[in-house]
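Here is a short briefing on surface patches and aromatic contacts. Look at the structure first, then read on.

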Amino acid sequence: MELVTPEIGLVFWTTVSFVILLFILGKFAWKPILGAINERETFIEEALLKAEAAKDEMSRLTNENEVLLKQARAERDMILAEAKKVKDQIIGEAKEAAHTEGARMIELARVEINNQKAIAMADVKNQVASLSLEIAEKVLRKQFEDSQKQDELVSQLLKEVKL
């Protein structure tokens with residue numbers, strides 16, 4: 001039973017040893033341990049603050065990236081719309097120019113046809129006049145071969161002409 005019930009001397013020396021150990025630990029070990037714990041606590045707090053700041057910065061950058069992406073998409077859509085507008089305008093101008101050029105060429109062809117027609121008509125008239133004169137000349141020569149017929153023609157013409 002001696003092991004279970006401690007004697008007063010053992011308790012005294014154990015308490016003295018414990019107090020000395022506490023004093024030595026308090027003097028030499030507790031301050032560095034508490035300093036290390038405080039330093040570690042400060043480091044963890046700073047790391048948490050930095051992590052929170054990094055999280056906030058990442059959130060901000062993500063938002064900025066989304067805004068920039070939306071702006072880029074809007075700008076792309078605007079550029080594509082403007083390119084389509086320019087393309088349509090160029091096609092319209094080309095169609096109009098082709099239409100104008102076609103109309104001009106048709107008008108030039110019409111003028112050329114009319115000119116050729118007028119030339120042909122003048123040529124036909126000249127040929128008809130020439131043939132008519134030749135025929136009239138032949139008829140008159142035939143008529144004037146006989147002098148009696150000439151006299152009859154002159155008297156007939158004089159009758160028709162009344163002064």
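**Surface patches and an aromatic pair**

L21 sits in helix α1, which spans residues 8-144; helices are DSSP runs of H or I with at least four residues, numbered from the N terminus. This is a predicted model, in which local features need pLDDT of at least 70, side-chain atom pairs count only at pLDDT 80 or more, and totals for chains, interfaces and linings use all residues. Residues are numbered from 1 along each chain as its sequence is written, and side-chain values use heavy atoms, with hydrogens and water left out.

**Nonpolar patch**
- F18, L21, L22, L25, W30, I33, L34 and I37 make a nonpolar surface patch of about 730 Å².
- Patch residues have over 30% relative accessible area and no salt bridge; nonpolar side chains (Val, Leu, Ile, Met, Phe, Trp, Tyr) are joined within 5 Å, like charges within 9 Å.
- L21 counts as partly exposed because its relative accessibility is 45%; buried means under 20%, exposed over 50%, partly exposed in between (1.4 Å probe, protein chains only).

**Negative patch**
- E145, D146, D151 and E152 form a negative surface patch.
- D146 lies in the loop between α1 and α2 (147-160).
- D146 has 35% relative accessibility, so D146 counts as partly exposed.

**Aromatic pair**
- One aromatic pair turns up in a search of the whole structure.
- F12 and W13 form this pair, edge-to-face, at 5.1 Å centre to centre with 75 degrees between the planes.
- Rings of Phe, Tyr and Trp (its six-membered ring) pair if their centres lie within 6.5 Å; planes under 30 degrees apart are stacked, over 60 edge-to-face, the rest tilted.
- F12 is partly exposed because its relative accessibility is 48%.
- W13 is at 55%, so W13 counts as exposed.

Methods: Accessible areas come from the Shrake-Rupley method with a 1.4 Å probe; for residues, only the protein chains shown count as cover. A salt bridge is a side-chain nitrogen of Lys or Arg within 4 Å of a carboxyl oxygen of Asp or Glu. Helices (H or I, at least four residues) and strands (E, at least two) are DSSP runs, numbered from the N terminus. Lys and Arg count as positive and Asp and Glu as negative; His and the chain ends are not counted. The place of a charge is taken as NZ of Lys, CZ of Arg, CG of Asp or CD of Glu.
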